[in-house]
Amino acid sequence: MHQRSSTGALKMSHKTIAVVAATLIEAHELVEYLQQHDGSAGNASSDIINISFTALAWNQEWPDQPFAELHWLCTNEQMPKPAQDITARAAIVHIHYLAGTQPPRHPGSRTYLWRNTDELARFWASFHRAQILHNALGLDWSSYETTKLSGAICQTAAGWGATHVAAVNALLIDALPELYLAASDVVLLIEANHEFSLGDAASLNNLVEDALGIRTADVFLFTEGYQGYGLKLLVLEVV
């Protein structure tokens, strides 16, 4: 994701993310939300990776250069399902549906089923912010970036608590254990304040892994004044 120069200074890397929706207005709404919550403006640590978001209507002309990631929003009946060549448009393709629909399999893409668009926006605002504010405590993102998918629906869950146990219990309400028994490539995003320690990381990791019977690759998002512990789980594939 980033490199060090011969002097030891971090080099900027750039990531482009597209949001594609039925209308340009809908795409802009999500892009604006992601930009407002990405935490990059004026933050010194954001010089590690820079993310730029592009809003597109599905029937617009595509730019020549593929994106690093692409969110295709099948969140209303006006939005068609993506064409088979959508994976040529970005290295990682996320296809989003809302509850009540039966998503088809999209081989090579990552498909999600959300309760509503607010849940979708909150999850990805935190996730992309963690990418921007990449820190040494977390993993190197390789499992997230290189996992090849069959098109099965990715599982997500979220929880918050004032203590480690309370946060994990809240996560378990959202994450049915039977869905994770055969899971591989699981990313756990932990949100906390800057007083978070390696001991906290180990405790939360152990509690989640023991409860769900899985191994997680952890990423971290630290925010000044954050109260408690927020957990977000992304299962990229179930084998």
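**View 1. Order of the elements along the protein chain.** From the N terminus on, the protein chain runs β-α-β-β-β-β-α-α-β-α-β-α-β-β. That gives 5 helices and 9 strands. Helices (H or I, at least four residues) and strands (E, at least two) are DSSP runs, numbered from the N terminus. The model is predicted: local features need pLDDT of at least 70, side-chain atom pairs count only at pLDDT 80 or more, and totals for chains, interfaces and linings use all residues. Residues are numbered from 1 along each chain as its sequence is written, and side-chain values use heavy atoms, with hydrogens and water left out.

View 2. The protein chain has 239 residues, and 51% of them count as buried. Buried means under 20% relative accessible area, exposed over 50%, and partly exposed in between (1.4 Å probe, protein chains only). Now take the contacts with a separation of 6 or more: residues 24 or more positions apart account for 71% of them. Contact means heavy atoms within 4.5 Å.

View 3. H1 spans residues 24-36, 13 residues in total. From first C-alpha to last it reaches 18 Å, close to the 18 Å expected at 1.5 Å a residue. The expected span is 1.5 Å times one less than the number of residues. Glu26, Ala27, Leu30, Val31 and Leu34 are buried. Down the axis of H1, these buried residues fall within an arc of 135 degrees, so they line one face of the helix. The arc is taken from the directions from the helix axis to the C-beta atoms. An α-helix has 3.6 residues a turn, so residues three or four places apart point the same way. The face turned away from the buried side carries exposed Ile25, Glu29 and Gln36. Cover for the buried residues of H1 includes strands E1 (13-21), E2 (49-57) and E3 (67-74), and helix H2 (117-132).

**View 4. Helix H4 against helix H5.** H4 has residues 164-174 and H5 has residues 198-212. Residues of H4 in the contact include Val168 and Leu171. Among their partners in H5 are Leu204 and Leu207. By class, the contact has 9 nonpolar, 2 polar and 1 charged residues. Ala, Val, Leu, Ile, Met, Phe, Trp, Tyr, Cys and Pro count as nonpolar, Asp, Glu, Lys and Arg as charged, and the others, Gly among them, as polar.

**View 5. Pro80 in its loop.** Pro80 lies between E3 and strand E4 (90-98). Pro80 is partly exposed, at 27% relative accessible area. Not counting residues up to four places away in sequence, Pro80 touches Trp58, Trp72 and Cys74.

Key
Axes are lines fitted to C-alpha atoms, for helices over the stretch in contact, and angles run from 0 to 180 degrees between N-to-C directions.
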